[in-house]
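Reader: Could you take me through the cavities, pockets and charged pairs in this one? Plain answers will do.

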Amino acid sequence: MAFKPIVVRLCEPHDQDCPPQELVPLDCESPERFKVDSYFDLRKAVVPVFWMYKDGHLEGLGSAFSLDPWGKFISADHLVAKERDKAVRRKTGNNQYKVKMPDDEGLVVLLGMGAIYGTPIVPPNAMPRVASLWANALEKDDPMAALQGKVELCPIDLTVMATKGANLDLIRNLPFRSRPPCPMVGEQVVALGFPEIEAFEGSVIEARTTISEQMYAAYGTVKSLLRDGRDDTNLTPVFEVQANWSSGMSGGPVLNSNGEVIGIVSRSLGPGDGQPGTGWATMLGGLPDFSTFAPTLDSDNVDF
């Protein structure tokens, strides 16, 4: 595919170790998916997500990215749907829920720690637990349910995860508009995430050495905007992209040509039978009120 490299920068201009980076494939890799060699900067903004069992064993789920410098991350709701439903939910507003995660097992994110030298020890604050989730839903247009006085809800494929005890020095942020623009059909975008993570099961050390640095980028072209969702059971506003997004990239950020976050990897179909792959990204600019998801964003600042 023909593509124009997208330059990504972080919101921490005071950090001299984080210069702007041009996302280009190395050697013979395809722009449809290639490894990002970025140990000290982008890896601190985009993180892998795991489920940690009581014995410390890890199971890979998907990707996420930082929402602010204080330990909040954004991911796709469908990654945590089962765990979300098992946990304690408290309604905080119309179709809005705060979910408290268990203390003995649950979601964790692995923060970017830089290159590996010798035995890769992972301090607890580099793999913080997710203490709570913030979720929202849209009401389905269901006349039968309305006649019975019921409201059918469809979760928006976006979750905000609040971590506990994270090492804030290991967190960086991508440019993020509080009122993100919707992409245009034909526009080039790039997604970031960890496509190999879903196949991972193992210890913290194994995660550090085999998954931690396996971040990939994948270019694609916007084909359509689906402001009312894909169908009656998927109401999340999305934009459809011709791209090769593996399922492990779900929850990762989708950037426009300016390197700004405009979406979240939601669903995908891999290429096959000579046909290109298709991905759908939660369209942040299509959400009813995105500021409710991200109250820490500065409405007067393009970066935060």
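Cavity, pocket and pairs

Author: The lining of the largest cavity divides into 4 nonpolar, 1 polar and 2 charged residues. Here Ala, Val, Leu, Ile, Met, Phe, Trp, Tyr, Cys and Pro count as nonpolar, Asp, Glu, Lys and Arg as charged, and the others, Gly among them, as polar. This is a predicted model, where local features need pLDDT of at least 70 and side-chain atom pairs count only at pLDDT 80 or more, while totals for chains, interfaces and linings use all residues. Residues are numbered from 1 along each chain as its sequence is written, and side-chain values use heavy atoms, with hydrogens and water left out.

Reader: Which residues line the largest cavity?

Author: The lining is V8, R9, L10, P19, Q21, D41 and L42. The volume of the largest cavity is about 30 Å³. A cavity is a set of points, on a 1 Å grid over the protein atoms alone, where a 1.4 Å probe fits but cannot get out; lining residues have an atom within 4 Å of a point. Grid points are joined across faces, edges and corners, and a volume is the space filled by probe spheres set on the points.

Reader: How many cavities of 30 Å³ or more does a search of the whole structure find?

Author: The search finds 1.

Reader: And what volume does the largest pocket have?

Author: About 190 Å³. Of the 13 residues lining the largest pocket, P155, D157, N234, T236 and R267 are the closest to its centre. Strand 11 (153–155) and strand 18 (261–269) are the elements that give two or more residues to that lining. A pocket is an open set of grid points with protein on both sides within 12 Å along at least five of seven lines. Strands are DSSP runs of E, at least two residues, numbered from the N terminus.

Reader: What classes make up the lining of that pocket?

Author: The lining of the largest pocket has 3 nonpolar, 5 polar and 5 charged residues.

Reader: Changing topic, how many salt bridges does the structure hold?

Author: The structure holds 1 salt bridge, meaning a side-chain nitrogen of Lys or Arg within 4 Å of a carboxyl oxygen of Asp or Glu. K54 pairs with D104, and their closest N and O atoms are 3.4 Å apart. The two residues sit in distant parts of the chain, 50 residues apart.

Reader: Is K54 buried or exposed?

Author: K54 is exposed, at 61% relative accessible area, whereas D104 is partly exposed at 40%. Buried means under 20%, exposed over 50%, and partly exposed in between (1.4 Å probe, protein chains only).

Notes:
Helices (H or I, at least four residues) and strands (E, at least two) are DSSP runs, numbered from the N terminus.
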